[in-house]
Amino acid sequence: MTAKTTLERFRVAIEQSDLAALDDLFTDDTILYSLAKLKPLEDKQTILGLFDVLLRIFEDFRYDAQYTGVAATSADGTEAPSAVLVFRGTVNGQEIHGIDQLYFADDGRIKEFSVFVRPLSAAQALSETVLARLAEAGLVPAPATQ
């Protein structure tokens, strides 16, 4: 599998809400940096659980642009083939603009993934919704009540 093939398969899986198709696109030690958690997710099953939540809560999700190249990863600074996917969608009535930044391993699978979104109000709403759903699924601890 090449990074290009993985990227194409990833886009199709997301656009068709096909969670099962995502499973073999990630390395077993993928790191995912999310707005919802301070620490990155480093467990493949939790990452797939996150995508399950995202596929269910986004409305009108679409990728508007795609850029590919080589970039230094956040985890260890090594250069790797990478891609940036620009997206738009709606969660709880709020329009969200963002990017998914993917880094690929030598075997073409995704080894690191970062998500960036705006505006702040939509990012906060998305983060709260995602954390609550992940906690309901038992994938992260329940948020502390105040």
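Q: Are Phe-51 and Phe-113 buried or exposed?

A: Good place to start! This is a predicted model, where local features need pLDDT of at least 70 and side-chain atom pairs count only at pLDDT 80 or more, while totals for chains, interfaces and linings use all residues. Residues are numbered from 1 along each chain as its sequence is written, and side-chain values use heavy atoms, leaving out hydrogens and water. Buried means under 20% relative accessible area, exposed over 50%, and partly exposed in between (1.4 Å probe, protein chains only). Phe-51 and Phe-113 are both buried. Phe-51 has 5% relative accessibility.

Q: How are Phe-51 and Phe-113 arranged as an aromatic pair?

A: A pair of aromatic rings is described by the distance of the centres and the angle of the planes. Rings of Phe, Tyr and Trp (its six-membered ring) pair if their centres lie within 6.5 Å; planes under 30 degrees apart count as stacked, over 60 as edge-to-face and the rest as tilted. Phe-51 and Phe-113 are edge-to-face, with 5.4 Å centre to centre and 90° between the planes. Because Phe-51 lies in helix H3 and Phe-113 in strand S5 (residues 110-118), this pair ties together parts that are 62 residues apart in sequence. Helices (H or I, at least four residues) and strands (E, at least two) are DSSP runs, numbered from the N terminus.

Q: Which residues do ring pairs link into a cluster?

A: The cluster is made of Phe-10, Phe-26, Phe-51 and Phe-113. The structure holds ten aromatic pairs. One of them joins Phe-10 and Phe-51, edge-to-face at 5.9 Å centre to centre with 85° between the planes.

Q: Which residues touch the most other members of the largest nonpolar core?

A: A nonpolar core is a set of buried Ala, Val, Leu, Ile, Met, Phe, Trp, Tyr and Cys residues joined through side-chain atoms within 4.5 Å. Here the largest one has 39 residues, and those touching the most other members are Phe-10, Leu-22, Phe-26, Phe-51, Phe-113, Leu-126 and Val-130. H3 gives the largest share of this core, eight residues.

Q: Which residues is Phe-51 in contact with, leaving aside its neighbours within four places in sequence?

A: Contact means heavy atoms within 4.5 Å. By that rule, Phe-51 is in contact with Phe-10, Ile-14, Leu-19, Leu-22, Phe-26, Leu-32 and Phe-113, once those neighbours within four places are set aside. Phe-10, for its part, is buried, with a relative accessible area of 0%.
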